[in-house]
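Hi,

Here is the structure I promised to pass on. Have a look at it first, and then read my notes below.

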Amino acid sequence: MTLLDDPAFWRFPVTAQLVSMGVFLLAAGPLTALAWLDPARLRPYRLQSRCHAARKQVPKAALYWLGNNLLMFALVVLLWPWLRELGVDTSARAPSVLEVAASLALFIVLDDFAYYWMHRGFHAHPVLYERIHKVHHRVVTPWALAAHTMHPVEFILTGALTLLWPVLFGAHVVTIWCWVAFRQLEAADGHSGYVLPWNPLHLVPTYKGAGFHDLHHARFRGNYAGFLPYLDRLFGTQAEALGARAGAAVAAIESAVTGASSTAGDAELRAARASGEEPRGAP
Ligand SMILES: [Zn+2]
Ligand SMILES: [Zn+2]
């Protein structure tokens with residue numbers, strides 16, 4: 001049987017990729033239009049006072065989206081013979097709603113934990129930040145389509161984490177479609193730049209809305225989790241708390257310029273410099 005005659009090939013690599021790209025575009029398209037048009041009526045729901053750069057950067061972000069997604073698809077197709085052996089359930093039986101919901105809850109917890117440490121690692125190591133993660137942080141005032149503006153290495157690693165748990169647990173392919181759809185909704189909403197009151201994602205327990213990740217882009221440090229804020233609370237990396245430290249570092253710069261004596265903020269500044277995390281981009 002050739003690859004193209006294998007129904008499992010069409011159900012996993014092909015359909016999962018189409019679901020991923022389609023759901024992202026359906027969510028990010030209108031949200032990007034919102035950032036582009038910036039209607040005065042919805043400004044009270046905009047997170048930052050700065051205007052979004054959507055008008056200038058849509059073509060570039062669209063190229064990142066297309067290039068990264070095609071690369072991801074090519075890799076999954078390349079690895080398909082191996083992934084197939086790992087036991088993804090591509091049978092015709094449909095999983096129950098309860099099975100899908102339980103699987104998604106488990107994947108959210110596991111994926112967020114792994115993403116937190118990967119993301120924190122990108123910030124902790126100057127080489128990783130400069131060479132890879134910096135591409136995503138060119139977006140200081142997020143807007144939806146820019147969620148996929150990433151270095152290809154970061155995009156592949158993020159995608160691999162997303163698929164790791166369903167593949168390891170032998171999830172049914174319908175569950176995988178729901179999972180990748182959810183991740184893309186989360187990515188588009190988390191970068192939308194708006195907290196809209198009628199957003200159905202706010203019904204998901206623990207979800208903090210776009211404000212959580214938006215603050216990471218604005219302040220550059222803290223809020224490393226993708227979805228669950230408990231991780232940043234647990235490990236002391238909340239953006240609000242780190243923002244205060246960055247404020248101390250800025251005070252240290254000011255005192256150096258004005259010739260004032262050394263303050264506790266100097267130590268913060270040296271620590272920030274040593275980790276490659278100069279305070280910047282505060283809203
Ligand atoms: Zn980051
Ligand atoms: Zn982001």
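**What I found**

Among contacts between residues at least 6 apart in sequence, 66% join residues at least 24 apart. Before going further, bear in mind that this is a predicted model. Of the 283 residues, 36% are buried.

The mean pLDDT is 84, and 84% of the residues reach 70 or more. The stretch to be careful with is residues 244–283, where pLDDT stays under 50. The model has 43 contacts beyond four places in sequence for that stretch, but where pLDDT is low, the predicted coordinates should not be read in detail.

**Two helix pairs**

Start with α1 (7–37) and α2 (residues 54–85). They pack at an angle of about 165 degrees, with their axes 10 Å apart. Because an angle over 145 degrees counts as roughly antiparallel, that is the label for α1 against α2. Their crossing is right-handed. On the α1 side the contact is made by Ala8, Phe9, Pro13, Gln17, Met21, Thr32, Ala35 and Trp36. The α2 side brings in Ala54, Arg55, Val58, Asn69, Phe73, Val76, Val77, Trp80 and Arg84. By class, those residues divide into 12 nonpolar, 3 polar and 2 charged.

The other pair is α3 (residues 97–124) and α6 (residues 173–190), which pack at about 50 degrees with their axes 10 Å apart. That angle makes α3 oblique to α6. This crossing, too, is right-handed: α3 passes α6 that way. Glu99, Val100, Ser103, Leu104 and Phe107 of α3 meet Val174, Thr175, Cys178, Trp179 and Phe182 of α6. The contact has 7 nonpolar, 2 polar and 1 charged residues.

Val97 also lies in α3. Is Val97 buried or exposed? Val97 is exposed, because it has 9 other C-beta atoms within 10 Å. From Val97 to Thr175 is 9.3 Å, C-alpha to C-alpha, although they are 78 residues apart in sequence.

**Buried spots worth a look**

Asn68 sits in helix α2. With 20 other C-beta atoms within 10 Å, Asn68 counts as buried; the cut-off for that is 20 or more. Leaving out residues up to four places away in sequence, Asn68 touches His148, Met150, Pro152 and Phe155. Take Pro152: Asn68 and Pro152 are 84 residues apart in sequence, yet their C-alpha atoms are 5.8 Å apart in space.

Ser192 is in the loop between α6 and α7. It has 31 C-beta neighbours inside 10 Å, so Ser192 is buried. Which residues does Ser192 contact, apart from its neighbours within four places in sequence? They are Leu31, Trp143, Ala144 and Ala210. Ser192 and Ala35 are 157 residues apart along the chain, with 7.6 Å between their C-alpha atoms.

Then there is α7 (residues 210–219), which is largely enclosed by the rest of the structure because 9 of its 10 residues are buried. The buried ones are Ala210, Phe212, His213, Asp214, Leu215, His216, His217, Ala218 and Arg219.

**Positive phi values**

Most residues other than glycine have a negative phi. Against that background, I picked out a few places to check in the backbone. Phe220, which follows α7, has a positive phi near 75 degrees. Asn223 is not a glycine either, and its phi is positive at about 55 degrees. You will find Asn223 in the loop between α7 and α8 (230–234), where it is buried, because it has 26 C-beta neighbours inside 10 Å. Asp38 also has a positive phi, near 50 degrees, and its place is in the loop between α1 and α2.

Conventions
Residues are numbered from 1 along each chain as its sequence is written. Chains are lettered from A and ligands numbered from 1 in the order in which they are written. This is a predicted model: local features need pLDDT of at least 70, side-chain atom pairs count only at pLDDT 80 or more; totals for chains, interfaces and linings use all residues. A residue is buried if 20 or more other C-beta atoms lie within 10 Å of its own, exposed if 12 or fewer, and partly exposed in between; C-beta atoms are placed from the backbone. Two residues are in contact if their C-beta atoms, placed from the backbone, lie within 7 Å. Axes are lines fitted to C-alpha atoms, for helices over the stretch in contact, and angles run from 0 to 180 degrees between N-to-C directions. Helices (H or I, at least four residues) and strands (E, at least two) are DSSP runs, numbered from the N terminus. Angles under 35 degrees count as roughly parallel, over 145 as roughly antiparallel, 65 to 115 as roughly perpendicular and the rest as oblique. A crossing is left-handed if the near helix is turned anticlockwise from the far one by less than a right angle, and right-handed if clockwise. Ala, Val, Leu, Ile, Met, Phe, Trp, Tyr, Cys and Pro count as nonpolar, Asp, Glu, Lys and Arg as charged, and the others, Gly among them, as polar. pLDDT is the predictor's confidence in each residue, from 0 to 100.
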